[in-house]
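Subject: Structure handover

Dear colleague,

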Amino acid sequence: MRVRLDLAYDGIAYSGWAHQPEQRTVEGVLRGALATVIRRDVPVVVAGRTDAGVHARGQVVHLDLTQAEWESLARGRDIAPEAALLQRLNGVLGSEGGAVVLHAVNRVSANFDARFSALTRTYTYRIADRVELWDPLRRHDTAWIRPSRKFQPNGQLDAALMDAEATSVLGLHDFGSFCRPREHATSIRRLAEFSVRRGTDGVITALVTADAFCHHMVRALIGACLDVGEGRREPGWLMARLTEPAWDERVRLAPPQGLVLERVDYPDEEEQLAARAEQTRARRERHSRPHL
């Protein structure tokens with residue numbers, strides 16, 4: 001039986017998503033809660049791994065239970081298994097500090113794959129570039145940036161320039177210059193949306209949507225936009241980097257705490273889930289083959 005969990009978490013409390021020995025991670029805490037409730041270790045598949053300090057409002061995972069495990073969740077109460085699992089997991093997670101909260105539990109078909117069935121992932125990134133915008137109550141979800149007056153005499157980022165840079169790299173590209181390399185992993189991605197706007201409150205928010213993101217890709221893209229917005233790099237910097245897809249010392253990673261995984265989108269129709277997963281796996285395998 002396949003089960004989908006929708007959850008949110010404060011990334012500051014964890015050393016990233018993925019389980020690591022001797023480290024407190026989101027996956028580790030979630031699997032610990034599952035082990036308490038289900039009474040065995042339950043592997044989970046996540047839509048997208050997040051780095052240390054990165055938050056999520058709309059993370060998605062799937063897991064598999066036996067029919068007997070599913071039916072035993074209510075413990076004889078007149079309550080649906082979905083509601084029982086939601087209550088029990090949130091109870092355990094709350095005792096762990098409350099930095100992870102489940103918003104929904106749903107039974108799904110075996111065709112659903114949290115990672116490979118996803119159509120897109122969407123992140124936001126908040127930036128406060130003036131001291132008067134530095135709100136201590138939001139220091140965990142907003143990057144505090146102080147532009148150098150050597151490059152920006154007014155001491156502010158140029159959000160319009162950053163937005164132009166973001167728009168310039170939309171589409172299908174090899175983002176190797178913005179992805180920390182991993183052996184046999186592809187860095188070809190389709191960037192569907194990338195915008196940078198300064199709100200009425202003065203805070204800058206970047207919105208990024210792609211079919212998938214490789215390691216450090218969002219923070220590297222934002223970092224490049226920061227370089228242009230601050231005046232450290234000339235306009236056209238992001239597109240110039242795309243022409244030489246290789247990770248090097250010119251990469252600037254934006255601080256992690258401004259980044260939030262907002263949502264993961266999936267096909268609406270049941271029959272499209274398996275097709276999407278198969279298509280994604282085939283594309284990754286094709287692009288990931290080593291060049292001989």
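In strand S4, the bridge partner of Ala8 is Val101, where helices (H or I, at least four residues) and strands (E, at least two) are DSSP runs numbered from the N terminus. Please keep in mind that this is a predicted model, in which local features need pLDDT of at least 70 and side-chain atom pairs count only at pLDDT 80 or more, while totals for chains, interfaces and linings use all residues. Residues are numbered from 1 along each chain as its sequence is written, and side-chain values use heavy atoms, with hydrogens and water left out.

Strand S1 (residues 2-9) and S4 (residues 100-108) run antiparallel and are joined by eight bridges, two strands being taken as paired if DSSP finds at least two bridges between them. S1 is also joined, by seven bridges and again antiparallel, to strand S3 (residues 55-64), where Gln59 stands opposite Leu7. Eight of the eight residues of S1 are buried, which means under 20% relative accessible area, with exposed meaning over 50% and partly exposed in between (1.4 Å probe, protein chains only).

The structure holds 18 salt bridges, each defined as a side-chain nitrogen of Lys or Arg within 4 Å of a carboxyl oxygen of Asp or Glu. One of them links Arg2 with Asp64, with the closest N and O atoms 2.8 Å apart; because Arg2 lies in S1 and Asp64 in S3, this pair ties together parts that are 62 residues apart in sequence. Arg2 counts as buried because its relative accessibility is 16%, whereas Asp64, at 35%, counts as partly exposed. A salt bridge also forms between Arg241 and Asp248, at 3.2 Å between the closest N and O atoms; here Arg241 is buried, with a relative accessible area of 2%, and Asp248 is partly exposed at 22%.

Finally, Asp268, Glu269, Glu270 and Glu271 gather in a surface patch of negative charge, a patch being made of residues with over 30% relative accessible area and no salt bridge, with like charges joined within 9 Å and nonpolar side chains (Val, Leu, Ile, Met, Phe, Trp, Tyr) within 5 Å. Of these, Glu271 lies in helix H7 (residues 270-288) and counts as exposed because its relative accessibility is 58%.

Best regards

Conventions
Accessible areas come from the Shrake-Rupley method with a 1.4 Å probe; for residues, only the protein chains shown count as cover. Lys and Arg count as positive and Asp and Glu as negative; His and the chain ends are not counted. The place of a charge is taken as NZ of Lys, CZ of Arg, CG of Asp or CD of Glu.
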